[in-house]
Amino acid sequence: MAIRNIRVDDDPILRKKSREVTEFNDRLFELLDDMKETMYHSGGVGLAGPQVGVLKRVVVMDVSEDRNEFIELINPVITYEEGEQTGIEGCLSIPGLHGTVTRPNIVKVKAQNRDGKWCLYKGEELKARCFCHEIDHLDGILYKDKLDEGEQLYRNDGE
Ligand code: NI
């Protein structure tokens, strides 16, 4: 495994649409393993393909405090949304900044695993927010595009 370089700020790759994964091969597994290592190394709760410069529909996530609930999503699709939550988001590709975004409170996601098998996931609160944020990355959408009305990006004190 290796830590990959995270694309930041105005890197144009962050604005491109990622392609479906069709080949479940060693190259894909290496990408997923590297994304996992990169996410944990960076202290993020999620990371999407374009953030490491790869336009494939892949996401890794772990929203748990103990950092022991790793999931990887290949070709993820949101199939259900319920409710609403308003909270603060950040992104490894927008270092040092945060902003307030309203998202669904519950989402269900279907995605393939490494064997190509479709699996179902449900997320509430932070996990739902993270599913939405990461899947947006696959379509070139950043959370700063979705700030609540009247909100701006802000820099945390001490950062
Ligand atoms: Ni992000």
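Let me begin with a term: donors are N, O and S atoms within 2.8 Å of the metal, or 3.2 Å for Na, K and Ca, and as water is not among the atoms, sites may look incomplete. The structure shown is a predicted model, in which local features need pLDDT of at least 70 and side-chain atom pairs count only at pLDDT 80 or more, while totals for chains, interfaces and linings use all residues. Residues are numbered from 1 along each chain as its sequence is written, and side-chain values use heavy atoms, with hydrogens and water left out.

I turn to the nickel ion. Its protein donors are Cys91 through SG, His133 through NE2 and His137 through NE2, lying 2.1 to 2.2 Å from the ion. Along the chain, these donors follow the spacing C-x41-H-x3-H. Distant parts of the chain are linked here: Cys91 belongs to the loop between β4 (85–89) and β5 (97–103), and His137 to helix α2, 46 residues apart. Helices (H or I, at least four residues) and strands (E, at least two) are DSSP runs, numbered from the N terminus. Are Cys91 and His137 buried or exposed? Both are buried, where buried means under 20% relative accessible area, exposed over 50%, and partly exposed in between, with a 1.4 Å probe and protein chains only.

Next, the sheet. Five strands form an open sheet, in the order β1-β2-β3-β6-β7, with antiparallel pairing; two strands pair if DSSP finds at least two bridges between them. Why is one side of β1 and of β7 left without a neighbour in the sheet? Because β1 (46–48) and β7 (118–124) stand at the edges, each with a single partner strand. On average, neighbouring strands of this sheet are turned by 40° against each other, direction ignored. Axes are lines fitted to C-alpha atoms, for helices over the stretch in contact, and angles run from 0 to 180 degrees between N-to-C directions.

At β7, pairing with β6 is antiparallel over seven bridges, and Ile106 stands opposite Glu124. The hairpin of β6 and β7 has five residues between the strands, and Gly116 takes a positive phi near 85° there. The covered face of β7 consists of Cys119, Tyr121 and Gly123, and the uncovered one of Trp118, Leu120, Lys122 and Glu124.

Helix α2, residues 126–137, lies across β1, β2, β3, β6 (106–112) and β7, and runs at about 125° to β7. Helix α1, residues 26–42, packs on the sheet and touches β1, β2 and β3 (71–82), its direction making about 35° with that of β2; contact means heavy atoms within 4.5 Å.

Which residues of α1 are buried? They are Leu28, Leu31, Leu32, Asp34, Met35, Thr38 and Met39. These residues cover an arc of only 165° around the axis, which puts them on the same side of α1; the arc is that of the directions from the helix axis to the C-beta atoms. Their cover includes β1, β2 and β3, whereas Asp26 and His41, on the other side of α1, are exposed. After α1 comes Gly43, with a positive phi near 75°.

Finally, Gly150 is found in the loop between α2 and β8 (154–155). Gly150 is exposed, with a relative accessible area of 77%. From Gly150 to His41 the separation is 109 residues in sequence and 34 Å in space, C-alpha to C-alpha.
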